[in-house]
Amino acid sequence: MNVLVTGSKGQLGRCLQDAAKAIPNLQFVFTDKEELDITSKGAVSEYFQSHEFDYCINCAAYTAVDKAESEQDKAFLINAEAVRILAQACLLSDCIFIHISTDFVFDGEKRTPYTEGDIPNPINIYGASKFKGEQYVQQILKKYFMIRTSWVYSEYGHNFVKTMLRLAKEKNEISVVNDQIGSPTYAGDLAKLILKIIYRESNTYGIYHFSNVGSISWYDFAKEIYRVSHLKTKVIPIASKDYTQVANRPVFSILATDKVNQLMPGSGFLCDWKSSLLKAIKRIR
């Protein structure tokens, strides 16, 4: 089977490249914006016509949450309009679309884990742009896997874990919000799930939630990063209202993962967040 991956230089794209090495019978084409401009309908159409893809994994996204508030057009272009273009190309090519979305499509007002049936209500531009992309996928396609995930980090790119490690070299203490609750997700675990969906040729299409197991605050996350890294940097808990952020964040964005566990029972990819963090820290170091 032939698999197209967009956004191949991002965190998930890089992790997919690593994980793909263990599955030689899948042929991957990894692209980033230099190889394929997914915001151009003509470029995408031409690319799909010159290749035969069985799957398209869309890892490309605009993820600068605060910056999106002032770059709304760019956020919607990449997170929504480009998704529409890819979905239309998949429809014409009978290609199965695997699209990555986010916990930020929810408002955070709930106090129990969000299920796939809960109605999105984003409270910032980033979340709104991702939700619009979701709507395009559902309107255009029947053969798709839409995977919402949360608090993604890895040994690649820019993320919370790497930022905390960098700050530990610069400061003796840092302040981290303790009233936003979610589940960290190691991109390497998400990559393995995606490849198993393809390898097993699942046809149970629809929306799925995936994160590592456990719920914590950003403050708890920072403390554990420093603990497993044997760093002495002091972490001070603060309220969100005391931390300067342009965009609103959901205060509670835990995702229920029962459905994805039923999709891939016994696969062992639903790892505890602490064990996955340890794996990532070792790879970063």
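I call two axes roughly parallel under 35 degrees, roughly antiparallel over 145, roughly perpendicular from 65 to 115, and oblique for the rest. The model is predicted, so I take local features only at pLDDT of at least 70 and side-chain atom pairs only at pLDDT 80 or more, while totals for chains, interfaces and linings use all residues. Residues are numbered from 1 along each chain as its sequence is written, and side-chain values use heavy atoms, without hydrogens and water.

**Entry: α5 and α7**

I started with helix α5 (residues 160–170) and helix α7 (residues 218–228), which pack at an angle of about 60 degrees with axes 10 Å apart. α5 and α7 are therefore oblique to each other. Axes are lines fitted to C-alpha atoms, for helices over the stretch in contact, and angles run from 0 to 180 degrees between N-to-C directions. Helices (H or I, at least four residues) and strands (E, at least two) are DSSP runs, numbered from the N terminus.

I read the crossing of α5 and α7 as right-handed. Right-handed means the near helix is turned clockwise from the far one by less than a right angle; anticlockwise is left-handed. I listed the contact (heavy atoms within 4.5 Å). F160, V161, M164, L165, L167 and A168 of α5 meet W218, F221, A222, I225 and Y226 of α7. By class, this contact of α5 with α7 has eleven nonpolar, no polar and no charged residues. Nonpolar covers Ala, Val, Leu, Ile, Met, Phe, Trp, Tyr, Cys and Pro; charged covers Asp, Glu, Lys and Arg; the others, Gly among them, are polar.

**Entry: α5 and α9**

Next I took α5 with helix α9 (residues 273–284). Their axes come within 11 Å and cross at roughly 55 degrees. That makes α5 oblique to α9. α5 passes α9 in a right-handed crossing. On α5 I found V161, K162 and L165, which meet L277, I281 and I284 of α9. The contact of α5 with α9 divides into five nonpolar, no polar and one charged.

**Entry: α1 and α6**

Helix α1 (residues 11–20) packs on helix α6 (residues 187–199) at about 60 degrees, with axes 8 Å apart. That makes α1 oblique to α6. The crossing of α1 past α6 is right-handed. α1 gives Q11, L12, C15, L16, A19 and A20, and α6 gives A187, G188, L190, A191, I194 and L195. I sorted the residues of the contact of α1 with α6 into ten nonpolar, two polar and no charged.

**Entry: the sheet**

In what order do the six strands of the open sheet run? I read β2-β1-β3-β4-β5-β10, with parallel pairing. Strands pair if DSSP finds at least two bridges between them. β2 (27–30) and β10 (206–209) stand at the edges with a single partner strand each, so one side of each lacks a neighbour in the sheet. Neighbouring strands are turned by 20 degrees against each other on average, direction ignored.

Four bridges join β1 (residues 2–6) to β2. V5 has F30 of β2 as its bridge partner. α1 lies across β1, β2, β3 (55–58) and β4 (96–102), at about 155 degrees to β2. Helix α3 (residues 72–93) lies across β1, β3 and β4, at about 160 degrees to β4.

**Entry: V137**

Last, I checked V137 in helix α4 (residues 125–140). Is V137 buried or exposed? V137 is buried, at a relative accessible area of 0%. Buried means under 20%, exposed over 50%, partly exposed in between (1.4 Å probe, protein chains only). Not counting residues up to four places away in sequence, V137 touches V83, F97, H99, Y144 and M146. The C-alpha atoms of V137 and Q88 are separated by 8.6 Å, at 49 residues apart along the chain.
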